[in-house]
Amino acid sequence: HTARIADLMLVLSGAGLPFSSLQRIECIYISTLQGSWSTGSLVVFTDGIPDTSQYRRFRIKLGEKPNDVGMMGEVITRRVRHPEWPYPDLLNVDGGKPQIAAAMNAIKAVKETQETKKPVNIPIIGLAKRYEEIIIPSGDPPFLEFKSIRLETSRPALQILQHIRDEAHRFAKKYHTALRSFT
């Protein structure tokens, strides 16, 4: 696990995001089943290992019409409003530029309203599924720019991001199953 974290730190610092630590990495995944049952899952890896006691799930309140970008903003807002949960060293959102922008806008809105007593400074990246690209933002909304990084599938940095994203997907599916069993 240490090699995957070290490689991720190397890749991200080479892209302009230097880290002294990646002890806590969170991933948020939005899931919709057949246009309804929209949920968000948050998984946490501590020192490169799944930390299931820190996992959280969110029932989307935005409405039943699928809107991944809006739902990502809702889940990020709700997550950041819990300063008693430790903030991550890195937040990996499932998706690309629109999802990253929604996450950054949500955090900016919480900061501007001073809803938390604790400073909110969370580095965000995305993992876009189509080419498994790591998307790295720079600047502040609405003036965001993005870098895309494609790594070999054997690269440890990509493997840990895929692992945490896949774990978030698995956790979301488990929540869907539970929700459907109550109807």
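The following dialogue examines how terms are applied to this predicted model.

Mentor: Local features need pLDDT of at least 70 and side-chain atom pairs pLDDT 80 or more, while totals for chains, interfaces and linings use all residues. Residues are numbered from 1 along each chain as its sequence is written, and side-chain values use heavy atoms, without hydrogens and water.

Trainee: Why is strand β1 called largely enclosed by the rest of the structure?

Mentor: Buried means under 20% relative accessible area, exposed over 50%, and partly exposed in between (1.4 Å probe, protein chains only). In β1 (residues 24-33), 8 of the 10 residues are buried, so the strand is largely enclosed.

Trainee: What makes β1 and strand β5 a pair?

Mentor: Strands (DSSP runs of E, at least two residues, numbered from the N terminus, as are helices, H or I, at least four) pair if DSSP finds at least two bridges between them. β1 and β5 (residues 90-94) have 4 bridges in the parallel sense. Glutamate 26 stands opposite leucine 91 in β5.

Trainee: Why is the pair of tyrosine 55 and phenylalanine 171 called edge-to-face?

Mentor: The structure holds 2 aromatic pairs. The rings of tyrosine 55 and phenylalanine 171 have centres 5.0 Å apart and planes at 70 degrees, so the pair is edge-to-face. Rings of Phe, Tyr and Trp (its six-membered ring) pair with centres within 6.5 Å; planes under 30 degrees apart are stacked, over 60 edge-to-face, the rest tilted. Both tyrosine 55 and phenylalanine 171 are buried.

Trainee: What makes arginine 56 lie over the face of tryptophan 85?

Mentor: The criterion is NZ of Lys or CZ of Arg within 6 Å of the ring centre and within 35 degrees of the ring normal. Arginine 56 lies over the face at 4.7 Å from the ring centre.
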